[in-house]
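Welcome! Take a look at the picture, then read on.

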Amino acid sequence: MDRQEIASKLKEIIRPYVPEPELFDSIQESSDILKDLKVNSAHLVDIILDAEEVFDIEIDDESAERMLTVASAIDVIENLLNR
Amino acid sequence: MIGCDLAEIPDTGRRSRLNPRRLLKLYSKSEIQLINSSNCPLKIEALLWSFKESAYKAHSNPPYRFQPKMINMEEFDVSSLSGKIRYLNEVFDVNLLYSNEEIVFSSTRKEGYDLNWYLGDPKSWQQIMRYDFGGSKIEVEYVKRKPHVSVNNHRLFMSKSSINSLSGFVWLTE
């Protein structure tokens with residue numbers, strides 16, 4: 001799976017947790033999931049769990065703690081898929 | 001430092017907040033045991049989450065990382081819903097300040113913190129006079145430039161307060 005495909009699937013995972021549609025419309029790889037997209041921090045774990053299900057991977061705590069931007073989340077998923 | 005946080009109790013998400021995989025990502029074994037042994041597991045889960053969040057806000061130099069299991073309840077008193085929580089090298093006293101069927105509202109202060117300290121520029125308080133959270137309205141009224149907080153028109157006693165670096169208001173009862 002290439003980075004673009006991962007990004008596309010990840011954005012759909014994030015979408016339901018973004019409180020305002022216009023914030024989601026402005027999503028970029030550099031977007032901070034909590035600060036820019038205003039996802040409630042309690043839902044960050046749901047994004048991680050959804051990503052585990054969609055990509056069939058297991059994201060350990062050390063990897064999960066870096067998943068605060070879209071880009072870093074893609075990096076984590078890409079690395080796990082390529083293992 | 002001092003901090004506060006507010007968390008929703010109702011389980012409205014696509015995935016239950018008590019989902020075992022979810023709990024394992026967020027909580028230690030002893031914290032999961034606290035949640036699962038409670039008569040009100042959703043309330044205790046919301047409370048533990050708000051404790052962790054408020055401890056993060058109260059920490060003097062928190063790293064910007066998602067590491068909820070690094071913030072650990074060290075003591076928890078079921079009757080008073082209070083305790084001690086450790087985050088990195090700092091220990092905080094945490095307690096429930098207010099709850100209804102929708103929310104829990106917790107406060108945190110670092111052990112030994114001087115409550116007479118006021119931090120931040122009071123002018124910036126004007127930015128945070130109203131805050132909606134999960135259907136609950138929090139209002140901050142300024143009396144002599146000090147914030148007084150109400151949750152759903154329920155006035156909370158507050159005499160010491162501060163502003164934290166995350167743009168939220170943080171405060172503590174005496």
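Let's begin where the two chains touch: 14 residues from chain B and 21 residues from chain A take part in the contact. Please keep in mind that this is a predicted model. Between them, chain B and chain A bury about 1700 Å², with 48% of that area on carbon and sulfur atoms.

**The side of chain B that touches chain A**

- Three residues stand out here: B:Lys25, B:Tyr64 and B:Phe66 supply 41% of the area that chain B buries against chain A, more than any other three residues.
- Across the interface of chain B and chain A there are 10 salt bridges, and 16 residue pairs are in polar contact.
- Two elements of chain B, α1 (20-26) and α3 (41-58), each give two or more residues to the side that touches chain A.
- The largest share of that side, 4 residues, comes from α1(B).
- Sorted by class, the side of chain B that touches chain A has 5 nonpolar, 1 polar and 8 charged residues.

**Salt bridges between the chains**

- A:Asp50 and B:Arg14 meet through their side chains in a salt bridge, at 2.4 Å from N to O.
- This pair joins two chains, because A:Asp50 lies in helix α3 (residues 41-55) of chain A and B:Arg14 in the loop between β1 (2-8) and α1 of chain B.
- Another salt bridge links the side chains of A:Glu53 and B:Arg15, at 3.3 Å from N to O.

**Salt bridges within chain B**

- The side chains of B:Arg17 and B:Glu45 form a salt bridge of 2.6 Å, N to O.
- B:Arg17 lies in the loop between β1 and α1 of chain B and B:Glu45 in helix α3 of chain B, so the pair ties together parts that are 28 residues apart in sequence.
- B:Arg17 is buried at 12% relative accessibility, and B:Glu45 is buried with a relative accessible area of 2%.
- In the salt bridge between B:Glu31 and B:Lys52, the closest N and O atoms are 3.0 Å apart.
- Since B:Glu31 belongs to helix α2 (residues 29-36) of chain B and B:Lys52 to helix α3 of chain B, that pair ties together parts 21 residues apart in sequence.
- Both B:Glu31 and B:Lys52 are buried.

**The wider network**

- Salt bridges that share partners join a set of residues into one network, including A:Asp46, A:Asp50, A:Glu53, B:Arg14, B:Arg15, B:Arg17, B:Lys25 and B:Glu45.
- Over all chains, the structure holds 19 salt bridges.

**A closer look at A:Tyr17**

- A:Tyr17 lies in the loop between α1 (3-14) and α2 (21-25) of chain A, and at 12% relative accessibility it counts as buried.
- Leaving out residues up to four places away in sequence, A:Tyr17 touches A:Val39, A:His43, A:Asp46, A:Ile47, A:Asp50, B:Arg14 and B:Arg15.

**A strand pair in chain B**

- Strand β4 (residues 90-99) of chain B pairs with β5(B) in the antiparallel sense over 7 bridges, and a hairpin of 3 residues joins β4(B) to β5(B).
- The bridge partner of B:Asp93 in β5(B) is B:Arg109.
- Why is strand β5 of chain B largely enclosed by the rest of the structure? Because 6 of its 8 residues are buried.
- B:Glu90, in strand β4 of chain B, is buried at 5% relative accessibility.

Technical notes
Residues numbered from 1 in each chain as written. Chains lettered and ligands numbered in written order. Predicted model: local features only at pLDDT ≥ 70, side-chain atom pairs only at ≥ 80, totals over all residues. Heavy atoms only, no water. Contact = heavy atoms within 4.5 Å. Buried area = accessible area lost by both parts, 1.4 Å probe. Salt bridge = Lys/Arg side-chain N within 4 Å of Asp/Glu carboxyl O. Polar contact = N/O pair within 3.5 Å; in protein donor to acceptor, adjacent residues only side chain to side chain. Nonpolar A, V, L, I, M, F, W, Y, C, P; charged D, E, K, R; others polar. Buried < 20%, exposed > 50% of the residue type's maximum accessible area, 1.4 Å probe, protein only. Pairing = 2+ DSSP bridges.
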